[in-house]
Amino acid sequence: MIIGITLLSTIFLSDTIATEPQRLDEVVVVSRRQGGKRSAKGQVASIDEHLQELNHVELVRRGSYAWEPMVNNMQTERLSTTIDGMKIFYACTDKMDPVTSYVESGNLQSISLNSGLDGNPQATGNIGGALDLRLRKAGFDADPYTATATAGYEANGHLQVYGADGAYSSHSVYVNGGAFYRHADNYKAGGGEKLDFSQFQKVNAFVNGGLRLAEHDMTEATFIFDRATDVGYPALNMDVAKAEAFITSLSYKHLFQDNRLESWETKVYYNYITHVMDDTKRPDVEIHMDMPGKSWTAGAYSLLTGSFGQHQAQLNIDGYYNRLFADMTMYPGGAAPMYMVTWPDVGTLNVGAALTDNIRLSSASSLRLSGKLSWQHQRLNNDEGYKALSVFFPGMKQQYHQTTGRISAAYQLSILNSQFSIGAGWGSRAPTVTEAYGYYLNNTFDQYDYIGNPRLKNESAIELNTSYQLSIINSQLSIGLDANAFFFSNYIIGQFETRLSPMTVAAEGVKVYGNIDHATIANASLSAEWKPIKGLRWSAKGTYSLGRDDEGENLPLIAPLSYQSRLSYTTGALSLQAEVKGHARQGKYGKKYGETETAAWTILNLSATYVWRIITLRAGIENVFDKYYATYADWCHIPQKGRNIYLNLSFEL
């Protein structure tokens with residue numbers, strides 16, 4: 001049982017032999033494998049569209065590319081996002097490049113979600129939850145040769161998608177690789193209004209390989225190159241000239257021939273990200289700015305898995321070193337350029353140990369215990385940035401140490417056709433580089449400049465959660481209830497500082513990150529699924545959330561009442577689906593934090609899939625009635641796409 005559970009899945013996340021199963025809240029399948037939740041667009045769908053299929057997940061959208069995942073109404077600061085267990089940190093001070101933007105559907109097997117404080121073994125600081133993007137690997141002893149090709153087109157924005165990959169597999173070696181390309185022009189909102197600066201293009205290439213050193217010993221290697229260019233962000237003041245990532249890893253795995261120990265995997269990895277913001281294509285720019293950012297991360301983890309009687313346990317030791325640097329040069333007309341360091345080359349060393357134990361109490365009940373302890377050291381390597389921040393915080397140190405941890409317990413009971421679970425946990429996180437050391441970072445959400453605070457305390461939270469699932473009428477009808485609540489101490493959020501003047505033109509003021517005494521975020525959802533006859537399925541879900549600070553005011557970016565209903569029918573090779581989804585009016589918005597009200601909306605989507613031998617054809621219409629709307633998570637209320645007709649085709653040999 002996992003905290004905040006809606007759906008329990010036990011799947012094999014790697015195609016290598018004898019890979020241990022992991023229990024997750026939910027998995028969305030990205031590859032062509034059958035089973036599991038998936039986007040109606042299949043593998044051609046973007047990572048963002050796949051993420052939308054996960055419960056507990058919403059997405060902050062600043063343009064049509066690189067949406068920022070939120071889990072349980074918490075943004076990046078309170079989440080852990082890894083790629084095959086590898087820690088990666090974005091390189092943009094405006095969060096234009098979440099970790100999920102540096103992979104493609106073509107090289108992913110699945111996206112797994114752990115809701116709340118019970119994260120995957122490599123997760124750190126995951127108060128809201130943990131996402132792990134699992135790479136698609138051919139694996140040993142699979143089909144000797146495979147090849148696929150995909151192509152897709154969307155009318156709204158003239159989005160084009162092309163991809164191809166191939167694989168070779170034997171008992172002793174495997175290799176698979178491919179490339180994916182996307183290109184989009186500006187899209188149109190409902191009613192035909194064109195949204196300028198919503199274009200992008202992206203290329204992604206990858207290679208995975210494995211070598212069997214002995215019958216029970218193997219090594220695997222991964223290389224990913226991802227490059228996005230000419231990316232527009234209509235909700236921001238700047239676009240992106242280039243976002244580029246190099247991601248590499250090398251792992252060794254031993255499978256034990258023992259009744260207790262199962263496997264031991266050790267992985268080392270390195271990634272380097274470059275992000276360059278650009279305003280040269282914007283009209284009437286008062287002051288031109290260059291704003292590059294860089295992120296380097298090197299790390300390793302070692303995961304030991306075993307079963308001891310009624311216990312199935314995992315022990316993980318991991319560590320990483322990350323450096324983040326960003327600066328800004330302003331070019332006022334006729335005056336000398338002005339230079340400023342916004343991330344002062346912060347080096348973060350983090351080491352931790354995690355232990356998880358799944359205990360089978362009886363044939364109908366189980367108990368899951370998990371915990372992690374981490375120690376972190378940070379140093380400001382850029383003297384100019386350190387001295388600038390010292391003006392506001394005299395006597396601040398150039399080095400800081402933090403200790404964080406999490407612990408959780410969850411009990412599950414299955415009786416007849418029902419399943420009940422209850423859990424609790426406590427966890428803490430250290431302030432992010434932006435929260436602790438950011439320097440005059442403009443936030444277009446509330447039009448304030450933000451300054452970090454090196455004196456912040458660690459934020460912590462207690463989580464309580466429960467779920468109940470009931471299946472009746474020979475499992476044709478199922479009903480589920482899911483709820484969780486997070487009670488924060490020392491909640492970190494920007495606070496007004498009237499003694500300081502903004503630096504950004506048109507900014508309304510300055511905020512400095514600070515701790516407030518407490519805050520609360522709670523979520524509840526009700527879901528149902530009905531299969532009245534063979535091939536016909538209806539599902540529906542409604543979710544309600546709230547967030548309050550220590551003065552009882554609404555927190556920003558908390559989802560209003562949302563709902564979704566799907567009706568699908570499958571007969572032979574043909575599948576049809578109709579979907580209605582929407583949000584109620586966001587009446588409980590965070591006015592204190594610069595948020596404004598969002599109107600209610602409802603849209604209809606239609607899709608069809610036809611599979612014929614090696615060919616899969618998908619087509620659909622999104623926003624059938626061309627509704628003009630924006631969600632609460634659309635930055636500055638930029639509108640979503642209007643009516644969009646799409647068609648994609650894939651071949652598998």
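**Stop 1: a salt-bridge network**

Select K41, E49, E154, E622 and K641: salt bridges link these residues in a network. A salt bridge here is a side-chain nitrogen of Lys or Arg within 4 Å of a carboxyl oxygen of Asp or Glu. By this rule the count comes to 38 salt bridges.

Before moving on, note that this is a predicted model, in which local features need pLDDT of at least 70, side-chain atom pairs count only at pLDDT 80 or more, and totals for chains, interfaces and linings use all residues. Residues are numbered from 1 along each chain as its sequence is written, and side-chain values use heavy atoms, with hydrogens and water left out.

**Stop 2**

Select K95 and E68. They form a salt bridge, with the closest N and O atoms 3.1 Å apart. K95 lies in the loop between β7 and β8 (108-115) and E68 in strand β5 (residues 68-71), so the pair ties together parts that are 27 residues apart in sequence. Strands are DSSP runs (E, at least two residues), numbered from the N terminus. Are K95 and E68 buried or exposed? Both are buried. Buried means under 20% relative accessible area, exposed over 50%, and partly exposed in between (1.4 Å probe, protein chains only).

Next, select K592 and E551. Their side chains meet in a salt bridge at 2.8 Å, N to O. This pair links distant parts of the chain, 41 residues apart. K592 sits in the loop between β30 (574-583) and β31 (601-612). E551 sits in the loop between β28 (536-548) and β29 (562-571). K592 is partly exposed, at 28% relative accessible area. E551 is exposed, at 58%.

Now select R499 and E497. Here too the side chains form a salt bridge, 2.8 Å from N to O. R499 is exposed, with a relative accessible area of 70%. E497 counts as buried, at 17%.

**Stop 3: around K511**

K511 is buried, at 1% relative accessibility. Which residues does K511 touch, leaving aside neighbours within four places in sequence? Its contacts are D446, Y448, D449, Y450, I451, G494, Q495, F496, E497 and Y593. Contact means heavy atoms within 4.5 Å.

**Stop 4: a five-stranded sheet**

Switch to the cartoon view. Find the open sheet of five strands, ordered β3-β8-β9-β6-β7, with mixed pairing. β3 (26-29) and β7 (86-87) are the edges; each has a single partner strand, so one side of each is left without a neighbour in the sheet. Two strands pair if DSSP finds at least two bridges between them.

Inside this sheet, select β6 (residues 79-83) and β9 (residues 129-135). They run parallel, joined by five bridges.

**Stop 5**

Select β20 (residues 365-380) and β21 (residues 399-415). They pair in the antiparallel sense over 15 bridges. Within this pair, S374 stands opposite T404 in β21.

β21 and β22 pair in the antiparallel sense over 10 bridges. Pick Q412 and look across to its bridge partner in β22, S421.

Finish at the turn. Two residues lie between the strands of the β21 and β22 hairpin. In that hairpin, L416 takes a positive phi near 50 degrees.

Notes. Helices (H or I, at least four residues) and strands (E, at least two) are DSSP runs, numbered from the N terminus.
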